[in-house]
Amino acid sequence: MNAARLQALRARKGASRMADIPAEVRRALDAGRLETVTLTEWLAIDPVALMHAAIVAVDVPDLAEPLLEAARSLAGDGITARMRGLGAAWHEALATMPRKRERARARRRLATHTSDMVRAWAAYAHTADADLDLADRLDLARPFAADGAMSVRECAWDSFRPYIAPELDRALDLLEPWVHDEDPNVRRCAIEGTRPRGVWTKHIDALKTEPERALPLLEPVRADPIRYVQNAVANWLNDASKSDGVWVRTLCDDWMKNTQSPSTEYIVRRALRTLRKQESE
């Protein structure tokens, strides 16, 4: 496939059904030559084929056996477990490389790969070391939080979320500068990564019972101008409302008394959706 054709495919709308993904798009995704456009495309990727392509692109032929074995063994798992597992496999494989310079080069190539799925593997691989200090783990995750692909950004916060609860107050302190970052993707990552409940990840019980501990993250983005961040803030508060509705209602009332911002109005309206539903039942 030539460069002109690849450029044309990058402008595609993307399929909502696997059966509608053109064969040439599937081949390009499996070869790591295209980013996904939709979740359907993401789910359609053959992890073994893409792993073959990534091994070649990262230039680590000596690591092929354990990486391909991991891709084959995890192929039948759910997408989240598979992504975490393949990231861990890359971490373990790269750790066996004896030369620091070559290991660093391989990590850079993995993190800058054309495929958003490969970059998502890199997000997990970079933060997989169980002995990392939390500050170092967050520093390693941050570039992925700013990635141009939403799929990578989702994996960025998921890669560090398991380490938030054990050091909650320190984690909130470390993430506070993120909500002041000029990049809305970074601001959103700090909020999404600390949601009390989340959708497909373990809950942070302390923030379900004491949501006020996260105010240093929430207050700076109460009137964020970017809808992507607004939705994250609203979802955070909606999570909290399921266990401490009084606190969420009080906070939202306070925000509305002290603002004329349409952004805050939008956040509050979405944040209270579960409470409104409960009141109407």
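**Reading the labels in this model**

Me: Why does Cys155 count as buried?
Reply: In this predicted model, Cys155 has a relative accessibility of 5%, and since buried means under 20% relative accessible area (exposed is over 50%, partly exposed in between, with a 1.4 Å probe and protein chains only), Cys155 counts as buried. Local features need pLDDT of at least 70 and side-chain atom pairs pLDDT 80 or more, while totals for chains, interfaces and linings use all residues. Residues are numbered from 1 along each chain as its sequence is written, and side-chain values use heavy atoms, leaving out hydrogens and water.

Me: What makes the sulfur of Cys155 too far from the closest cysteine sulfur for a bond?
Reply: The closest cysteine sulfur belongs to Cys189 and lies 11 Å away, whereas a disulfide needs two cysteine sulfur atoms within 2.5 Å, so this distance is too far for a bond. The structure holds 0 disulfides, and Cys189, with a relative accessible area of 1%, is buried.

Me: Why is the contact between the side chains of Arg249 and Glu279 called a salt bridge?
Reply: Their N to O distance is 2.7 Å, and a salt bridge is a side-chain nitrogen of Lys or Arg within 4 Å of a carboxyl oxygen of Asp or Glu, so the pair qualifies. Arg249 in helix 16 (residues 245-257) and Glu279 in helix 18 (residues 273-280) are 30 residues apart, so the pair links distant parts of the chain; the helices are DSSP runs of H or I of at least four residues, numbered from the N terminus.

Me: How do you know whether Glu279 is buried or exposed?
Reply: Glu279 has 54% relative accessibility and therefore counts as exposed, while Arg249, with a relative accessible area of 25%, is partly exposed.

Notes: Helices (H or I, at least four residues) and strands (E, at least two) are DSSP runs, numbered from the N terminus.
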